[in-house]
Structures are given as structure tokens and as C-alpha cells.
Amino acid sequence: MNKFRFTFRLFVIATFLCAFASMAQAQATRTWVSGVGDDVNPCSRTAPCKTFAGAISKTANNGEIDALDPGGFGAVTITKSITIDGTHGAGFGSILAAGTNGVNVNDGATATPNTIIVNLRNLSIQGAGTGFDGIRFVAGKALHVEGCVISGFRGNGTNSDGIDIALTGLATGNQNVRVTNTTITRNTGNGIRASNTAVGGGVLVTVDNSSFDGNARGFLSSTNCRATITNSSATLNTTSGIEIATGSLEVDIDNCVLASNTSGIVSAASTARIANCRITGNGNGISFTGGAVQSFGDNKVKGNGTDQNGGAVTNVPAPIKI
């Protein structure tokens, strides 16, 4: 009897170890999705999954999900460090997010909140007129968005944003968001809204070579946001191209075009510094409701209904050469 029990225990232990090894193997560093895939597959290149949600559970922390071909790969919630690449050269990975958010980034319920780093590349994120937010960043360390098109989020009224950075927690060195080579258009809220409402928190946002067109606001800098926007455009937005709201920290705007908005820049708080910008065709070029705008003296603010409304731009002294 003792020999039988000993053998049975060995069998149970061996079964557990085999199951554990199988689970470990299921977490691949790189996984794949395809328009003709199936989520019961292992998400390998030869047996890809159908959706990003199906692939993410089979992808290891710090791993990558790639699209093999054009397709609609569904909305996804991300709670670990990962890269999702629509691999534009092979087609364009698409997320149709009717009646929901396209991508949720939220590690708030994990053992180590506000630590994950998420990269989103070459994705078309479409709200189809009823989606809420294209990307909603609630908790994590960093979010990098590159080469994406985010449009059609209109289902939550003026709260439907292309990218909604709505952080409520702290991270060492502040959270950061980088957006490059991205188009955000036709959303009823903001192209990007950025805030961190945690006491002592902050979010650092950099935008380069991107466009915000046909939203309510192109870019809204809100609570504890410090932003740098370069080589970008904001046009045809119904409230403002760039708005610096109450609670915002400093915003630097360099080599940008702000045209055909109700207001090119709205300064409600803090300080905006502008250099080499073209601000034209707006109802108000620069509208002051609080805060300050400093110019490096190389901007072109002409052809607006009112070039400066409610305040005055101050000139930044010439920098000291070192």
C-alpha cells in the first residue's frame, strides 16, 4: 500500500511539472495574428491567432505580437509590457472598436502597477462612430504610439478621445507617452487628452510629426501634464488646436501648423512656449483665458479673425550661447 501511495504521489508531481512546463512554453516571446487565423492556435507564424486579445494571453511579458496580413484583430486590454505591431509593410493591422475602447492599457490591478511599457505600431484604430476612446491609458509606466491612424471615436460624446491619458497613480520618474508619425482625426472629444490626477504625479508627453484634425481639441494638456509638440499640425478642430488647461504644467510647441480651428492655441494655465509656428485661419490665433504664452520671435501669427485675444504674447530673451 505504501509503495502504491509513493508511486501515486510521484505521478501527481510529474503531472504538475509537465503542466507547468506546458504553460511556460505557451508564453512565446513573439506571436502572430492573421485575418484567417484562429484563437485556438498557438499563435505561431505557421498557426496564427485571429485576434490581439487571443494572442496576448499566449505572449510573454516584454514580447511582441505581429500581424501577418491585413485584418481586423479586435479590441484588446493590456496589463503587461508588450509590443503590438500591425506591420504596415504587410498590409495594416486594424482594430474596429464599435461601442468600446480600442486599446486599454491598465496594469493597476497587477502586483506591480504603473510599471509596464507598451508599444503600439502601425495600427488603424477605428471607432466606427460609436467607439469610446481609441487608446485609453489608465495605469502603466510608458505608452509609445508610432505610425498609427486613430479615428471615428464618437460614442461617448465630448469624452470620446483619440488617446485618453487618464492616469491616477504614481510611477518612478513620472509616466511618459510618446506619439510619432500618427494621425488622429474625426473624434468628438480630443485628439489627445493628457492628465495624471495623483497627488505628486505627472505625465510627460512628447508628440512629433503627427496631425490632429477634425476633433474638438487637437491636444489638451490637463492636470500635471508637461508636453512637447514638434513638427505637427492641428487643423479644423472645433474648439482649439492646442489647449493648456487648468492644472497643466509647461507646454513647448515647435515647428507646428495651427490652422482653421476655432482657436489655434488656448492658454488657460501655466506657460506655453512657441517657436517657428504658423498660426493662421483660426477664429482666434492665440486666446488667453489665463496662463502665459512666450514666443521665441520666429512665429507667424497672421490671417486669423483675431490674432491675439484677451492677452499678449511675451518674447523670450535670446538664449545664451555656451
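Which residue lies over the face of W32? The residue is R45, at 5.3 Å from the ring centre, where a charge counts as over a ring if NZ of Lys or CZ of Arg is within 6 Å of the ring centre and within 35 degrees of the ring normal.

## Basis of the report

This is a predicted model, in which local features need pLDDT of at least 70 and side-chain atom pairs count only at pLDDT 80 or more, while totals for chains, interfaces and linings use all residues. Residues are numbered from 1 along each chain as its sequence is written, and side-chain values use heavy atoms, with hydrogens and water left out.

## Overall composition

The chain contains two helices and 32 strands, taken as DSSP runs numbered from the N terminus (H or I of at least four residues for helices, E of at least two for strands). Of the 322 residues in the chain, 48% are buried, a term that stands for under 20% relative accessible area, with exposed meaning over 50% and partly exposed the range in between (1.4 Å probe, protein chains only).

Among contacts between residues at least 6 apart in sequence, 54% join residues at least 24 apart, a contact being heavy atoms within 4.5 Å. The chain exposes about 14200 Å², of which carbon and sulfur atoms supply 57%; accessible areas come from the Shrake-Rupley method with a 1.4 Å probe, and for residues only the protein chains shown count as cover.

## The parallel sheet

Twelve strands form an open sheet with parallel pairing, in the order β1-β2-β5-β8-β11-β14-β17-β20-β23-β26-β29-β32, where two strands pair if DSSP finds at least two bridges between them. At the edges stand β1 (28–33) and β32 (314–315), each of which has a single partner strand, so one side of each is left without a neighbour in the sheet.

Within this order, strand β8 (residues 117–121) pairs with strand β11 (residues 142–146) in the parallel sense over five bridges, and L120 has V145 in β11 as its bridge partner.

## Cysteines

A search of the whole structure finds one disulfide, defined as a pair of cysteine sulfur atoms within 2.5 Å. C43 and C49 form this disulfide, with their sulfur atoms 1.8 Å apart, and the link of C43 and C49 is left-handed, with -70° about the S-S bond. Both C43 and C49 are buried.

C256, by contrast, is in no disulfide, and the nearest cysteine sulfur, that of C277, is 4.9 Å away. C256 counts as buried because its relative accessibility is 2%, and C148 counts as buried at 1% relative accessibility.
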